[in-house]
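Hello,

Here is the structure I promised to pass on. My notes follow below it.

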Amino acid sequence: MSDLADRIAAANARALDRLWGASPVLTGVRPAHEVIPALLGRRLLHAGPPLSAARMCGPMRGAAVGAILLEGWAEDEEDAAALLEAGAVELACTHDHGAVGPMAGIISPSMPVLVVEDRDGIRACCPLNEGVGAVLRFGAYGPPVLERLAWLRDVCAPTLDAALREAGGLPLVPLMGRALAMGDEMHQRNAAATALLVRELAPALVGAVPAAAAREVLAFLAATDQFFLNVAMAACKCMTSRIEGIPCCTLVTAMSRNGVEFGLRVSGLGETWFTAPAPFPQGLYFPGYGPDDASPDLGDSAIVETVGLGGFAMAAAPAVTGFVGLPSAREAEAVTRAMGEITAGRSPHWRIPALDFDGVPAGIDIRKVVALQVAPVINTGIAHRRAGVGQIGAGVVRAPLAAFERALEAFAARYGA
């Protein structure tokens, strides 16, 4: 047992070195089919562990219908739903193809995606953030939703891509560190990070594209505080890709939900998903909605918690505490300290002023989660359970302990513990 413990300790230390050695850079915004080879023909990527169309929750089904309409594979909602139900549209998991997507996480071939690349050649992608409310990622697919998606594809994406080429890319680790110190935890609050992104790209954007396009895109970014969430997700996916497949490593490389199941992956166990039923969020609802209207949790955005942001960095974002249902900033600090009990280390790059500039806790260790029975906290949005409605609130969830217990059992079986 001591020999295995030594090998685990060495593997986990190696993983943390790789994680903190990451250098994700936002390099472009490209059509998904150009940078995700799997997006050929009638195929959609979705958030969370793999599932069939028949098992999709309402908001994910709505997002898939909207993507089918956006691609022109069907003329109306009924035809799109029929294609989905008949299996005429193939489904695949985002994480299996170097991508992540918030909430429903649907990515179709023509959708623009943010491209984040590491100096070691690792690439991760995420769709552009559409804004809040009735949007595709929350399952809405009406004409205004499709019009916004078309604008993102035809105007916003080429404009941002030109600006990033002009700027030579945008390093993300230092920008995210500054945003954390300015009150973002980069899941529910991205106001500072989005502002810093605009500050970096505005000069290049103005110089790279016609003035009318620059004004239009800058106005959109100024009105979309959560725009950086998707950038952070791609950056964090790029980082966790560096620690996949390390023998004997007990650190989590992905947490995700599809509205039916929560799933996680562990470095030393490769691409296997360990699942449990998706939990329901607890939080604040928009007027007119309540818990009975909510879908179980969904989305790949828990990738940010996997590297110590989001719920793990709540102490850095006191402005978010009420929005996610926490009673006080002191409670937010307690959440961050508790997450430090189930992680293998702290970031040397991302520090929290309220905790005397201690680093965010990162490197979720399945052994500690199970031994202490402390579940990771995940900040999240709340989608209506019916397709076509959209976002109805925001809050937090606790990752189900059963998934971590199953992962630990599989680890013990593989490595002879």
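The second largest cavity has about 40 Å³ of space. This is a predicted model: local features need pLDDT of at least 70, side-chain atom pairs count only at pLDDT 80 or more, and totals for chains, interfaces and linings use all residues. Residues are numbered from 1 along each chain as its sequence is written, and side-chain values use heavy atoms, without hydrogens and water.

A cavity is a set of points on a 1 Å grid over the protein atoms alone where a 1.4 Å probe fits but cannot get out; lining residues have an atom within 4 Å of a point. Points are joined across faces, edges and corners, and a volume is the space filled by probe spheres set on them.

Among the residues lining the second largest cavity are Leu26, Leu114, Leu160 and Phe227. Strand 1 (25-31), helix 5 (143-167), helix 7 (191-208) and helix 9 (227-241) each give two or more residues to that lining. Helices (H or I, at least four residues) and strands (E, at least two) are DSSP runs, numbered from the N terminus. The lining has nine nonpolar residues, no polar and no charged ones. Nonpolar covers Ala, Val, Leu, Ile, Met, Phe, Trp, Tyr, Cys and Pro; charged covers Asp, Glu, Lys and Arg; the others, Gly among them, are polar.

The whole structure has two cavities of 30 Å³ or more.

Best wishes

Technical notes. 1 Å grid on protein atoms, 1.4 Å probe; cavity = no way out; pocket = protein on both sides within 12 Å on 5 of 7 lines; lining within 4 Å.
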